[in-house]
Amino acid sequence: MSPDRIAGRNTRLYYAFVFFNDFGLWFGIWIKYLVVERGLELKYILLMDLPFWFAVAALEAPFGALADRIGHSRVLALGAGVYALTILGFGLTTNYWMLFADYMLWAVAQACRSGADQAIVFDSLKAAGREEQFSRIAGRGFALTMTGGLGGIVLGGFAAATWGMTFTVQVSAVTPLIAMGAALLMVEPRVAHVRRSYAEQLRSGFAYAWSHPPVRTTMLLLTGLLMVTFAPVVLMQPFLIVHEVPTAWFGVFQAPVRLAGVAAALVAWRVAARAGRDRVVGAACLGVVGAFAGLALWDSAAAFSFFAVPAVVQGLVRPTLDAYINEQTPSDRRATVLSVVSLAFSVQVGFLEATLGFITDDIGIRAAFAFTAAVFAVLLPPLYLAWRRVYRQTTTAGTVTVPAAGG
């Protein structure tokens, strides 16, 4: 099969993989399901995120290195299969120990996916001489991720109101199995890699990510922005519970937020090309802090509209900065380096989620929003300024190009 056909095939299968892996009837109601149906407390549910993200952090780079050695499609398929078991486990959970086991399975699934899906697409495009298309494809892939999540959330709310939350969670285990099939059908591109031992692959990925300022500063900024845009994932459902929104309407409330993220992801490459990556990222930093400040100050169900801002920011920033990292990373380390990015995010977000859970339960959800706004008002400006300085140096010098493999 020619490199061009492999690139086309893998791109289509990548789209199918991200859509079905993220289409979940359960995701829009799972926190309410655990709190109301299973009688668990929000602060202890989110406390589980601490060991979960530490497990992800411990597994990210090893699975990224494994993907670089045995093939990205195999690791993606493994992750999708484990994810199906995770969702089924959530549907059977009755206590915190079972919930902990489910979270550990989820950590394996998360680590298997991190970096591998983008790496196989970028390598396929590079082998076909079409790597300049990656930013657009990554944006479409993110849009399909959001679309799959959107469809699952909207249908899941009505399904839960009709058939019950437990059944809705359990049946959600089907779609990751379809994603597993898509991953197994991918073809590994023929890309020349420097063969390294497993330990050397890990060491090399870490060393490269930290020793190259464009990758290091982008990694730090991206993980900061991902944390602040991830906060709505754990706070949207508690917000709807606090404001007594019926379960059937959970999806309806969350759908516009997802749509905003989908739209942003689809135009991210065009917006970044016209406005400039640095301006887009700078506006994103201001926007997310303002959104959480608004949620903290406005005590109304209508304040839910502020959740659209982090969704738009994620849709714009993720493909924009992911493309920049890929441009700066050689193919034989790409999955490992992308996993290091996810690892840095994982180490930090576990503490954030656990803290937000205790603040929400013990003080109130508006205090959780205020805490989020304050933390990132302090964190994001220095990260952005450091990244912008390096980014402008690389663009001025004309060095926004991928290094040679093995370099």
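Analyst: Happy to. Let us start with how axes are drawn: each is a line fitted to C-alpha atoms, for helices over the stretch in contact, and angles run from 0 to 180 degrees between N-to-C directions. Helices are DSSP runs of H or I with at least four residues, numbered from the N terminus. This is a predicted model, where local features need pLDDT of at least 70, side-chain atom pairs count only at pLDDT 80 or more, and totals for chains, interfaces and linings use all residues. Residues are numbered from 1 along each chain as its sequence is written, and side-chain values use heavy atoms, with hydrogens and water left out.

Now the pair itself. Helix α13 (residues 250-275) packs against helix α14 (residues 277-297) at about 110°, and their axes are 6 Å apart. That angle makes α13 roughly perpendicular to α14 (the term covers 65 to 115 degrees). Where they touch, V271, A272 and A275 of α13 meet R277, R279 and V280 of α14, contact meaning heavy atoms within 4.5 Å. By class, this contact has four nonpolar, no polar and two charged residues; Ala and Val count as nonpolar and Arg as charged.

Elsewhere, Y208 lies in helix α11 (residues 198-211). Y208 is buried, with a relative accessible area of 2% (buried means under 20%, with a 1.4 Å probe and protein chains only). The C-alpha atoms of Y208 and V337 are separated by 7.5 Å, although these residues are 129 apart along the chain.

Note on methods: Helices (H or I, at least four residues) and strands (E, at least two) are DSSP runs, numbered from the N terminus. Angles under 35 degrees count as roughly parallel, over 145 as roughly antiparallel, 65 to 115 as roughly perpendicular and the rest as oblique. Buried means under 20% relative accessible area, exposed over 50%, partly exposed in between (1.4 Å probe, protein chains only).
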